[in-house]
Amino acid sequence: KKDKETKEEIKEEKVPDKNEWINPFKDIFETDEYYDAVRFVNEKKLFVGVSATEFAPHKTMTRAMFVTVLGRLARVDQTKYSGTSFSDAKSGEWYSAYVEWAAENGIVNGYGNGKFGVNDEVTVEQAAAIIARYARFTGIDTTSAVLADYIDKEEVSDWARADLAWLTSTGIYAPDDGKLSPKAKAERQLVATMMYGYVSVTAEE
């Protein structure tokens with residue numbers, strides 16, 4: 001009987017899944033609506049934390065962070081972008097090669113005064129425009145969508161309307177409160193969710 005119980009216990013013992021994500025972030029919980037998105041972008045190494053144990057989901061995305069995420073998705077060869085075209089983007093920083101790549105390909109441009117604005121925060125409509133530009137860079141047509149009747153659609157800047165229309169029509173950006181909040185700061189959790197949606201919609205991995 002003792003032997004039988006031992007065998008049953010061994011059989012019932014859980015074998016760890018080698019593909020199971022071990023959440024390193026103390027500020028990300030399974031109950032968070034963006035948990036799956038954070039898991040995805042971290043597993044794919046698109047996002048890392050602001051520290052080894054913090055994702056900072058409500059911290060605003062900066063332009064440097066954004067081009068880095070897209071550059072990782074595009075698997076940019078950083079060795080091809082060793083210089084710098086902007087006075088505020090130093091060579092050898094974690095974002096340097098991605099800034100040059102993004103500017104060279106028209107995904108995120110500088111301000112025209114010699115600066116890129118690496119630490120400038122990104123708004124929701126800017127995030128939409130950046131993702132849509134990246135999509136076009138990869139050959140995707142983003143021009144056929146019409147912006148739906150969100151409560152605050154009139155607050156969207158003219159230059160962002162078509163891009164927000166594409167993101168919302170594809171479900172990449174799916175606000176659940178009926179508002180686009182175009183001028184709001186784009187938090188890291190929101191951009192992670194957008195990137196999760198983008199890869200799901202375009203099957204780019």
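In this predicted model, the largest nonpolar core comprises 61 residues. The residues with the most contacts inside this core are Phe47, Phe66, Leu167, Met194, Met195 and Tyr198. Two or more residues each are given to the core by helix 2 (35-43), helix 3, helix 4, helix 5, helix 6 and helix 7. Helix 5 gives the most, with eight residues. The surroundings of Phe47 were examined as well. When residues up to four places away in sequence are not counted, Phe47 touches Val41, Asn42, Phe55, Met61, Val69, Arg72, Arg188, Val191, Ala192 and Met195.

Helix 5 (124-137) is largely enclosed by the rest of the structure, because 10 of its 14 residues are buried. The buried residues are Val124, Glu125, Ala127, Ala128, Ala129, Ile130, Ile131, Ala132, Tyr134 and Ala135. They pack against helix 3, helix 4, helix 6 and helix 7. The length of helix 5 was also compared with expectation. Helix 5 is followed by Gly139, which has a positive phi near 100 degrees.

Helix 3 (residues 63-73) is likewise mostly covered, with 10 of its 11 residues buried. These are Arg63, Ala64, Met65, Phe66, Val67, Thr68, Val69, Leu70, Gly71 and Leu73. Just after helix 3, Arg75 takes a positive phi of about 55 degrees.

Asp152 lies in the loop between helix 5 and helix 6 (158-170). Asp152 is buried, yet it has no salt bridge. The nearest side chain of opposite charge belongs to Lys179, at 6.5 Å, and a salt bridge would require a separation within 4 Å. The side chain of Asp152 does reach a backbone atom, the nitrogen of Leu180, at 2.8 Å. Leaving aside neighbours within four places in sequence, Asp152 is in contact with Gly178, Lys179, Leu180, Ser181 and Pro182.

How values were computed: Residues numbered from 1 in each chain as written. Predicted model: local features only at pLDDT ≥ 70, side-chain atom pairs only at ≥ 80, totals over all residues. Heavy atoms only, no water. Buried < 20%, exposed > 50% of the residue type's maximum accessible area, 1.4 Å probe, protein only. Helix = DSSP H or I, 4+ residues; strand = E, 2+ residues; numbered from the N terminus. Contact = heavy atoms within 4.5 Å. Lys, Arg positive; Asp, Glu negative; His and termini not counted. Polar contact = N/O pair within 3.5 Å; in protein donor to acceptor, adjacent residues only side chain to side chain. Core = buried A, V, L, I, M, F, W, Y, C linked by side-chain atoms within 4.5 Å.
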